[in-house]
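Biologist: Hi! Could you walk me through this model before I set anything up with it?

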Amino acid sequence: MTDSLSRRWLEVALNGPWTRRYQPRIPITEREIIDEAVACVHEGASIVHVHAYDPQTGRQKDDPDAYTRIIEGVRNRVDAIVYPTVPFAAASDGPGASAVDDRFHVIEVLGKRGLLEWSVVDLGSLNFISEAELMNGENGFVHTNTVPEIRRNLELAATHGFHPSYTIYEPGFLRMGALMHRAVPGLHRPIYRLMFTDIYTFGFRPDAQSAAVYLALLAQCDAGMPWMVAGLGVDIAPLLPYALERGGHIRVGLEDLPPGATVSNVDCVKSAARLAYGSGYALASAAEIRAALQGGR
């Protein structure tokens, strides 16, 4: 029987901060999000990442009560690790920018309620702009994550006992995450989410050579920690076999695909699950993922 350490994890990112103008098939209402999450779990996903929305405006709304209803609504029907986003900084004009001074208010409330198992941790700042926007003379926005903000986010994770899901947009973000893993007392094991893209200007394109650079750096900085491939504005499917073969985990879903995707989240999960099983890999349940993350920092 395959043990929990050798099974692969499958995450689905349901919607993101984009609105339906960017990604028409994303779930918006709480009921849509819950139903779609449950359907994806039935097809093999054990991790669900969500953004809550205001259905009246169609824009992201970071409300702890909305996230509570979503997390509990999914868990009442299936066993899954369900975790929310952290909004962009209040000073940003990017999608889903925080309307409150404390970006981590929702995370703190959900942590106190005992609802968080994972949470997003962005480990640095970057210019967020697509290649096309840049060439058209547009400016994008700055995705700001200061050291005090990163530290506060990780201290909340340590206090409330949830795992940080590191967003690795650039190699330096990985180095920062490894240092913070050692610097923050009581921090649980992080998950290194290696972010690739085809349309934005950050990081690497999704190819094996680029992934190998990240894996070599991870081996130097924080060996033995779990990692997965993901991205924004990208079809990550060509990189999935490489990740599976090397012991990595995988994330798919409408948040990560280029704008205007015609597939559904369930389609993405079914395709990834077929690839994993067809390549001889079992997919882990949420319980198996929890077990694999236990046992030290």
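Modeller: Happy to; we can go through the cysteines, the core, some helices and strands, and one loop.

Biologist: What should I know about the source and the numbering?

Modeller: This is a predicted model, where local features need pLDDT of at least 70, side-chain atom pairs count only at pLDDT 80 or more, and totals for chains, interfaces and linings use all residues. Residues are numbered from 1 along each chain as its sequence is written, and side-chain values use heavy atoms, with hydrogens and water left out.

Biologist: Switching to the core: which residues touch the most other members of the largest one?

Modeller: W118 and Y192, out of 101 residues in the largest nonpolar core. Such a core is a set of buried Ala, Val, Leu, Ile, Met, Phe, Trp, Tyr and Cys residues joined through side-chain atoms within 4.5 Å.

Biologist: What is Y192 in contact with, leaving aside neighbours within four places in sequence?

Modeller: Its partners include Y166, I168, L174, L218, M225 and W227. Contact means heavy atoms within 4.5 Å.

Biologist: Now helix 5. Which of its residues are buried?

Modeller: I150, N153, L154, L156 and A157. They cover an arc of only 150° around the axis, so they sit on the same side of helix 5. That arc is taken from the directions from the helix axis to the C-beta atoms. On the other side of helix 5, P148 and T159 are exposed.

Biologist: Why would residues a few places apart point the same way?

Modeller: An α-helix has 3.6 residues a turn, so residues three or four places apart do that.

Biologist: What covers that buried side of helix 5?

Modeller: The cover includes helix 3 (105-112), strand 6 (118-122), strand 9 (163-168) and helix 6 (171-183).

Biologist: How about helix 1, what is buried there?

Modeller: I33, I34, E36, A37, V38, C40 and V41 are buried. Among the elements covering them are strand 2 (47-50) and helix 9 (265-278). Just after helix 1, G44 takes a positive phi of about 130°.

Biologist: Last one: where is L232 found?

Modeller: L232 is in the loop between strand 11 (227-231) and helix 8 (240-245). L232 is buried, with a relative accessible area of 4%. Leaving aside neighbours within four places in sequence, its contacts include W18, F128, Y169, M195 and F196.

How values were computed:
Buried < 20%, exposed > 50% of the residue type's maximum accessible area, 1.4 Å probe, protein only. Helix = DSSP H or I, 4+ residues; strand = E, 2+ residues; numbered from the N terminus.
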